[in-house]
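I opened this model to go through its fold, its strand pairing and its side-chain contacts. My entries follow in the order in which I looked things up.

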Amino acid sequence: MLTPVVDDDGAPFWEYAARGELRVQACAAPDCGRLRFPPRPCCPHCQSFDSTWRPVSGRGRIWSYVLPHPPLLPDYAAMAPYNAVVVELAEDPLIRLVGNVVAEPGAPLDSVDPARLKIGARVQVAFTEIDGMSVPRWLLERA
């Protein structure tokens with residue numbers, strides 16, 4: 001499996017994820033406060049360099065998804081069919097995270113029938129440890 005590459009701007013995201021918290025960088029300028037992801041040194045809205053990490057609910061909706069088909073990287077071929085989703089967060093639909101929908105925390109990538117995935121489906125974050133890193137995955141919320 002590929003594991004995320006941690007850079008200076010994104011390091012706090014992974015530190016919070018290790019604690020089971022989903023946090024998103026936010027502008028700390030008094031007149032702005034906008035969320036931003038991916039993390040970066042400067043606010044794209046007001047150009048402030050002040051930032052903080054704000055907790056978010058971990059709820060969102062599937063904005064888009066794909067079911068990768070062969071040829072796949074060898075580490076992923078055995079897991080097919082699996083999904084890759086883009087989730088828009090409930091707090092700000094312009095904040096989108098990429099991940100996979102799984103049946104339960106720690107479940108394999110192929111644990112959800114692809115027919116259950118729909119654009120707009122509600123999801124909730126769940127963290128899974130992979131190679132010593134806690135990564136966000138997504139669970140379908142019950143309708």
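**Strand pairing.** I began with S5 and S6, which pair in the antiparallel sense over 5 bridges. I count two strands as paired if DSSP finds at least two bridges between them. Val-87 stands opposite Leu-97 in S6, and a hairpin of 2 residues joins S5 to S6. I then took strand S4 (residues 59-66) with strand S5 (residues 84-89): the two are antiparallel over 6 bridges. Tyr-65 has Val-85 in S5 as its bridge partner. For reading side chains here, I keep in mind that they alternate between the two faces of the sheet in a regular strand.

**Ground rules.** I note that this is a predicted model, in which local features need pLDDT of at least 70 and side-chain atom pairs count only at pLDDT 80 or more, while totals for chains, interfaces and linings use all residues. Residues are numbered from 1 along each chain as its sequence is written, and side-chain values use heavy atoms, with hydrogens and water left out.

**Overall fold.** I find 2 helices and 8 strands in the protein. Helices (H or I, at least four residues) and strands (E, at least two) are DSSP runs, numbered from the N terminus. Along the sequence the pattern reads α-β-β-β-β-α-β-β-β-β. The C-alpha trace spans about 50 × 35 × 25 Å along its principal axes. I compared the radius of gyration with the globule rule: a compact globule of 143 residues would have a value near 15 Å, and the 16 Å of the protein agrees. That radius is taken over C-alpha atoms, and the rule is 2.2 Å times the number of residues to the power 0.38.

Of the 143 residues, 41% count as buried. Buried means under 20% relative accessible area, exposed over 50%, and partly exposed in between (1.4 Å probe, protein chains only). The protein exposes about 8,100 Å², with carbon and sulfur atoms supplying 54% of it. These areas come from the Shrake-Rupley method with a 1.4 Å probe, and for residues only the protein chains shown count as cover. Among contacts (heavy atoms within 4.5 Å) between residues at least 6 apart in sequence, 54% join residues at least 24 apart.

**Helix H1.** Which residues of H1 are buried? In this helix (residues 11-18), I list Ala-11, Phe-13, Trp-14, Tyr-16 and Ala-17. They pack against strand S1 (23-27), strand S3 (51-55), strand S6 (92-99), strand S7 (122-130) and strand S8 (133-140). Just after H1, Gly-20 takes a positive phi of about 80°.

**Aromatic pairs.** My search of the whole structure gives 3 aromatic pairs. The rule covers rings of Phe, Tyr and Trp (its six-membered ring) with centres within 6.5 Å; planes under 30 degrees apart count as stacked, over 60 as edge-to-face and the rest as tilted. Phe-13 also forms a tilted pair with Phe-37, at 5.4 Å centre to centre and 55° between the planes. This second pair links distant parts of the chain: Phe-13 lies in helix H1 and Phe-37 in the loop between strand S2 (35-36) and S3, 24 residues apart. Phe-13 is buried at 5% relative accessibility, whereas Phe-37 is partly exposed at 21%. Phe-13, Trp-14 and Phe-37 form one aromatic cluster.

**Pro-136.** I place Pro-136 in strand S8. Is Pro-136 buried or exposed? Its relative accessible area is 10%, so Pro-136 counts as buried. Pro-136 touches Phe-13, Trp-14, Val-125, Ala-126 and Phe-127, not counting residues up to four places away in sequence.

**Salt bridges.** How many salt bridges does the rule give? I get 2, taking a side-chain nitrogen of Lys or Arg within 4 Å of a carboxyl oxygen of Asp or Glu. Arg-23 bridges to Glu-21, with the closest N and O atoms 2.7 Å apart. Arg-23 is buried at 18% relative accessibility, and Glu-21 is partly exposed at 24%. Arg-59 and Glu-141 meet at 3.0 Å, N to O. Arg-59 is in strand S4 and Glu-141 in the segment after S8, 82 residues apart. Both are partly exposed, Arg-59 at 44% and Glu-141 at 28%.
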